[in-house]
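Trainee: I want to learn how to read a strand in its sheet. Where do we begin?

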Amino acid sequence: MTKQDILIIHGTDYKEMAKQILTRADVAALIGDRDKQVALKPNLASANAPSTGATTHPQLLAGTIEYLQEHGFHHISVIEGAWVGDRTDLAARAAGCDKVCRTYNVPFYDLQKDSWKEYDAHGMNIRLCDRATAADYLINMPVLKGHCQTLITCALKNNKGLLPNAEKRRFHTLGLHRPIAHLNTLIPDSFILVDNICGDLDFEEGGNPVVMNRVLGFLDPVLCDAYVCDCMGYSPDDVEYIRLAEALGVGSADLSAANIIPLNEDCLPDRKLEMTRRVRTLAAYTAPKDACSACYGSLIYALDRLSDAGLLRRGLPPVSIGQVYKGRTGEIGVGSCTSCHQKHLNGCPPKAADMVDFLRENWAE
Ligand code: SF4
């Protein structure tokens, strides 16, 4: 696997999906020596269940630990510090992380209770927990979701959980972007396994999950976050810490050079899925018929961007999306399935960023 590669797998067997991504990336070879200390860093920022769109699904932790143990790694740990105001042990319990650690006999370290040291991070002093720096290899397991201050949160910002609480508070006083970029210059070699199962629309603590049923794999955290912008209808230029991290040499946000590797096809959405009122409001502008999960999720994110811009109003024709529309005429649709519609956006699936531009230009007055 190269730093330009983006691995994507769809489905609902999350444990197996995690194992397949790690196998395709050959993470065991990337880590090397079986005696190395491998730390898994989920997102357990708050005491909320993964189904709310806030925290990493425990099945991804289970799949990752199984993969590592099957490949002979014995020094595995899970490390995390919840955000200021929540207790890490409660967050680990809410996400089912504590149970996974017991099942696989892997220690969980609460970084809110860890010691720390101060480091020079490319011209900015940053305090980092000792368990984080003790790891030879990190598996960063963020949730792809929105954030009220930074717009998105994924690989780069997930590493804020490696800080002592006082340092997390200081990051907020510094406006988050610059310290997040500098923090990432201190992070050891890592693989990024992204939980893109049902991340929240725009809040770190969840509440409005958008079902995508995807798991992604990256080596480059900057490329990861740039891709997340695309998935949520933003530009990487909208998120200051991405460009700052790129300038510090953490990685590249050049999506034109990215090599997207799908491990399978998208699958049909779960018909029993419950939507929150907020997501239902956006979904009212759509006419889905057998739409694939990631395609439909991207449309919800795109509609949220249009809502932010004040462009949603009564009377707009609903946007067709889904496999039933193949060969059918209609007014407006997104995805290759709607190619017979008067106005349509190609792509299978199209990106949320492209959906935003398309709908902005083509939705009827
Ligand atoms: S364009 Fe059609 S087949 Fe392709 S992802 Fe969207 S709904 Fe699925």
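Mentor: Begin with pairing: two strands pair if DSSP finds at least two bridges between them. Keep in mind that this model is predicted. Strand β2 (residues 38–42) and β3 run parallel, joined by 3 bridges.

Trainee: Which residue of β3 is the bridge partner of Val38?

Mentor: Ile76 is the partner of Val38. From β2 the chain passes through helix α3 (residues 58–70) and on to β3, a right-handed β-α-β crossover.

Trainee: How do I read the side chains of a strand?

Mentor: In a regular strand, side chains alternate between the two faces of the sheet. Here Ile76, Val78 and Glu80 point one way from β3, while Ser77 and Ile79 point the other way.

Trainee: Are those residues buried or exposed?

Mentor: All are buried. Buried means under 20% relative accessible area. In β3 (residues 76–80), 5 of the 5 residues are buried, so the strand is largely enclosed by the rest of the structure.

Trainee: Now a helix residue. Where is Leu223 found?

Mentor: Leu223 lies in helix α10 (residues 221–231). Its relative accessible area is 2%, so Leu223 counts as buried.

Trainee: Which residues is Leu223 in contact with, leaving aside neighbours within four places in sequence?

Mentor: Among them are Lys3, Gln4, Asp5 and Ile6. Phe218, Ser252, Asp254, Leu255 and Ala258 are also in contact with Leu223.

Notes: Residues are numbered from 1 along each chain as its sequence is written. This is a predicted model: local features need pLDDT of at least 70, side-chain atom pairs count only at pLDDT 80 or more; totals for chains, interfaces and linings use all residues. Side-chain values use heavy atoms; hydrogens and water are left out. Helices (H or I, at least four residues) and strands (E, at least two) are DSSP runs, numbered from the N terminus. Buried means under 20% relative accessible area, exposed over 50%, partly exposed in between (1.4 Å probe, protein chains only). Contact means heavy atoms within 4.5 Å. A crossover is right-handed if, with the strands pointing away from the viewer, the path from the first strand over the helix to the second runs clockwise.
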